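Good morning, everyone, and thank you for making the time. Please take a moment with the sequence and the structure before I go through them.

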Amino acid sequence: MKRKHTPITMLTAYDFPTGRACEAHGVDMTLVGDSLAQVCLGYDATTRLTLDEMVHHCRAVARGSKAPFLVGDMPFGTYQAGVDDAVRNAVRLVREGGVDAVKIEGGVEYVDLVKRLTTVGIPVMGHIGLTPQRQAILSGFRVQGKSAEGAVSLVDSALALEAAGAFAIVLEAIPHAVGAHITRRLHHAATIGIGAGWETDGQALVWDDLVGTWSGHMAKYVRRFGDVRGEVERGVHAYVQAVRDRSFPSPSESYNMPAEAAGRFVGLAGARGDEP
């Protein structure tokens, strides 16, 4: 798709229904992102997510998303301690979680890890720019590469990751010009932008941002393509009201007994002395 200049779509999914939606509606890559820590599990940061939780959700998504290429995030702490430890954890995501590839956040510092993972047969997606697992050291969720020096550093990281064997690189929250430049410089690795402008090889969005269910901060690059939250609010409110006024369930939504059986039931109940 990169060679043909066909834009690549990537969307996050966290369970069977969202995975199935990616499968049914033509998404090219499904990402089980560590954003599930916040949007699904209620944690205050992605760094709270455990590998066991990620494996559990990857397995559920894999059951529903079979045609799209399935990528699983390596949670914080699963690849920082050393290459051997990271390989073991990546193998768990592939073998137990059912993913096709893993994603790691970071640049030149993870070149050796990318080489090792690809050597053992695990495709790797890189992730540079704004890296949520490092938001504390980055002083929050800030656009990266706004200075000339910062932009050059991002280019160097992208080139190093491609040379190490990464098949794709997520570019998050960087200036459009930098995203376009990196995309032109890379010959093999596809760039997947999320807040990196329109000239990357593909785009990614978080499911809850796309469908409008996330109630927290909405980044500049987010476009809501649906209003699921509004539909949920209307549906739940209508259900509660219908139960309160006894309009649900209606006679047509209830089961009936044959008239003869109903008559016998009344007689038997009366003989037992049951209160009406």
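Predicted model: local features only at pLDDT ≥ 70, side-chain atom pairs only at ≥ 80, totals over all residues.

How far apart are the mean positions of the positive and negative charges of the chain? The 28 positive and 31 negative charges have mean positions 3 Å apart, where Lys and Arg count as positive and Asp and Glu as negative, with His and the chain ends not counted, and where the place of a charge is NZ of Lys, CZ of Arg, CG of Asp or CD of Glu.

Residues are numbered from 1 along each chain as its sequence is written, and side-chain values use heavy atoms, with hydrogens and water left out.

Turning to the overall form, the C-alpha trace spans about 90 × 40 × 35 Å along its principal axes. Of the 276 residues, 44% count as buried, meaning under 20% relative accessible area with a 1.4 Å probe and protein chains only, whereas exposed is over 50% and partly exposed lies in between. Among contacts (heavy atoms within 4.5 Å) between residues at least 6 apart in sequence, 56% join residues at least 24 apart.

Finally, the cysteines: the structure holds zero disulfides, a disulfide being a pair of cysteine sulfur atoms within 2.5 Å. For C40, the nearest cysteine sulfur is that of C58, 12 Å away. C40 counts as partly exposed at 37% relative accessibility, while C58 is buried, with a relative accessible area of 0%.
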